[in-house]
2 protein chains.
Amino acid sequence: MKQKITLKDIAKELDVSISTVSKALKNSKEIGKDTKDRIKAFAKFYNYRPNNIALSLKNKRTKNIGVIIPDIVHHFFTTVFRGIEMYANQMGYNVIVCISDESFDKEVINMEMLANGSIDGFILSLSAETQRRNDFTHLKELLDQGIPIVLFDRVTQDVACDKVILNDIEISRESVTHFIKTGSKKIALITTENYFNVSESRKEGYLKALKDNNIPFDENLILTLPHDLDNTKLITEFFQKNKIEAVLCVNEIFAVQCMSVIQQLGFKIPDEISIIGFTDGILSRYSSPKLSTVAQHGEKMGELAAKMLINRMESTELVEEPFRTEVINATLIKRGSTIN
Amino acid sequence: MKQKITLKDIAKELDVSISTVSKALKNSKEIGKDTKDRIKAFAKFYNYRPNNIALSLKNKRTKNIGVIIPDIVHHFFTTVFRGIEMYANQMGYNVIVCISDESFDKEVINMEMLANGSIDGFILSLSAETQRRNDFTHLKELLDQGIPIVLFDRVTQDVACDKVILNDIEISRESVTHFIKTGSKKIALITTENYFNVSESRKEGYLKALKDNNIPFDENLILTLPHDLDNTKLITEFFQKNKIEAVLCVNEIFAVQCMSVIQQLGFKIPDEISIIGFTDGILSRYSSPKLSTVAQHGEKMGELAAKMLINRMESTELVEEPFRTEVINATLIKRGSTIN
DNA sequence: AAATGTTACGAAAACGGTTTCGTGTTGATA
DNA sequence: TATCAACACGAAACCGTTTTCGTAACATTT
């Protein structure tokens, strides 16, 4: 077993001081040419690499970013993560991921663990439970300790930090408007319980589009589904009870479930019923017909979040720049489940 | 801004030495009761937490695990990762993820970065390019430096370390046997280019099942598809040219693409053509009919990998235990795309 | 009273780097 | 020849812990 070589080893071997070795390897002009050459050659031969931990301790920065996401087995978060990882890596940062699993406690514990020196900053999307409890003291404390945070997608107004969000209101307004333009009037919304601010925003856009086009709002055309269950029955009843011409779903799972039900009931997609979902994932792309959907550009979102965080971490300004909230523009991808 | 408090701060404030503080907080009986109480109270009040970096430097272990996966936007890897994260977290480890993006260079660079002190061990699945090049010197060097590695799924015999794999051969034999038992004879295999040892294994199981049942192997019934393209045309031709009664696909994307094509061509699933895919992901569960598929139990695989790694890292044995290769038993989930 | 043991704490080294400052040896200048 | 930079390098502090070892003060034993 070849042990990793340290400055001390090199120093001893070449009979110079540790500081000389350190300086030589950084090409300091304090050190004479021959000494430098000797040291460099030796270091290269033994494949010397400085110890990251020692550097972190000395420099008081780790070049690690902490990412906390509610769920990794989820297309949107996965793409955001990929965006973060790519940009961070490119900038010489590593990414430590923790999964909060939608739990407040896990979110808190993970963040506190990482905050004790393991990372220089956080990127996170709030867990469902955190949003429900509306308790953000853990975030505030970390910010207070000078650890920068960037929130994405599931954010809150209650903490002052950088944020990246989707223009949920606007894009769902646009989607519903598309339904209306293509002749639908009875437009349904299938959503989740509303402690998610994103569901809330999507509903807001839905209502706005109706209002803009003088279509009366019908409470019965909104279906709220629990997460992760087989909702086939509820959806079937929903479509049997109501004469629906178009439906906006807040995620792609609901959307494909709808498609199945609708086809089962004998309606033609998109001629009789149009569908738009959220998240341009694998389901949307491989369903038949292919699902029209709102692309959330997760990768772009992750990249932007990472960029904002790294910017702030590396900023040398004495006065802190004001916090920004950046908006990623979602786009409506029109495929086979809508009349285009 | 509240700066994090250190042992030194406490020592100065309470007018004792740093060592006394350290010992008091660890409840050492070297320290008198009152001193201990004073220090503990103070530490608690100021919410003292030891600095992870300093601990890492001192203890020569980081409690971090490096995970290198080829692609995160991929159901199987995502579930494996979740398994790793859950177990690691539970054991007090954090997880640093790097995405190799199927690139040899990224795999090498990322591993070397992390190996310089950032992590205590690796869990990885080889990138496609690494498998193609058959170059594993980076792995061997790290092992040689005493850094433990656990390979999962995409492994190689060329490096001596712990491994976790799926019983690919057996499960695809089982799947094809199921086709045969339910009356199919003309059984196709849709696979990827074979530098993936997993594809290779699945093909082997396929062949074995045919042989066991005295069904002659027909080269024409194997379709090799490039990755990530729209393969609809190729698949359509394939089904038009050959009279096929059942098809095994090495992933779920191929499987749903097949389903679409088959339905388009007017065949009934599963009555005229049966399908089995690999990966029990979102696609399989929400297709119609629901896809019969091979569940790879990624989470279990990840958990096992993490367990093996942590075991080895924490082992105090002087003689190293021999390397093990553990096999995760995949299961065939029979749903609507097969006759059951 | 001397020897010994116990208690309660501090000094210092160590982990692996970076960086500031000091200094002995040159060679050039006045 | 005395003075002074410039050069080339080393000593030591520092980052925040843990841990070994030393020791002053007091108590106990013989």
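Me: Two strands pair if DSSP finds at least two bridges between them. So in this predicted model, what makes β3 (residues 121-124) and β4 (residues 149-152) of chain B a pair?

Reply: The cut-off is at least two bridges, and β3 and β4 of chain B have 3 bridges, in the parallel sense. Therefore they count as paired. One residue to look at is B:Phe122, whose bridge partner in β4(B) is B:Ile149.

Me: What makes β11 (325-328) of chain A and β11 (325-328) of chain B edge strands?

Reply: The sheet is open, with 12 strands and mixed pairing, and its order is β11(A)-β5(A)-β4(A)-β3(A)-β1(A)-β2(A)-β2(B)-β1(B)-β3(B)-β4(B)-β5(B)-β11(B). Each β11 pairs on one side only. Neighbouring strands here are turned by 20° against each other on average, direction ignored.

Me: Which strands does helix α5 (residues 75-90) of chain B touch?

Reply: That helix packs on the sheet, touching β2 (94-99) of chain A as well as β1 (64-69), β2 (94-99), β3 and β4 of chain B. Its direction makes about 80° with that of β2(A).

Me: Why is α5(A) called oblique to α14(A)?

Reply: The axes of α5 (residues 75-90) and α14 (residues 298-314) of chain A come within 6 Å and cross at roughly 45°. Roughly parallel needs an angle under 35 degrees and roughly perpendicular runs from 65 to 115, so α5(A) is oblique to α14(A). The crossing is right-handed.

Me: What residue classes make up the contact of α5(A) with α14(A)?

Reply: By class, there are 9 nonpolar, 4 polar and 4 charged residues. Among them are A:Phe76, A:Val80 and A:Arg82 in α5(A), which meet a set in α14(A) including A:Met301, A:Glu303 and A:Ile310.

How values were computed: Residues numbered from 1 in each chain as written. Chains lettered and ligands numbered in written order. Predicted model: local features only at pLDDT ≥ 70, side-chain atom pairs only at ≥ 80, totals over all residues. Heavy atoms only, no water. Helix = DSSP H or I, 4+ residues; strand = E, 2+ residues; numbered from the N terminus. Axes fitted to C-alpha atoms, helices over the stretch in contact; angles between N-to-C directions. Contact = heavy atoms within 4.5 Å. Parallel < 35°, antiparallel > 145°, perpendicular 65-115°, else oblique. Left-handed = near helix turned anticlockwise from the far one by under 90°. Nonpolar A, V, L, I, M, F, W, Y, C, P; charged D, E, K, R; others polar.
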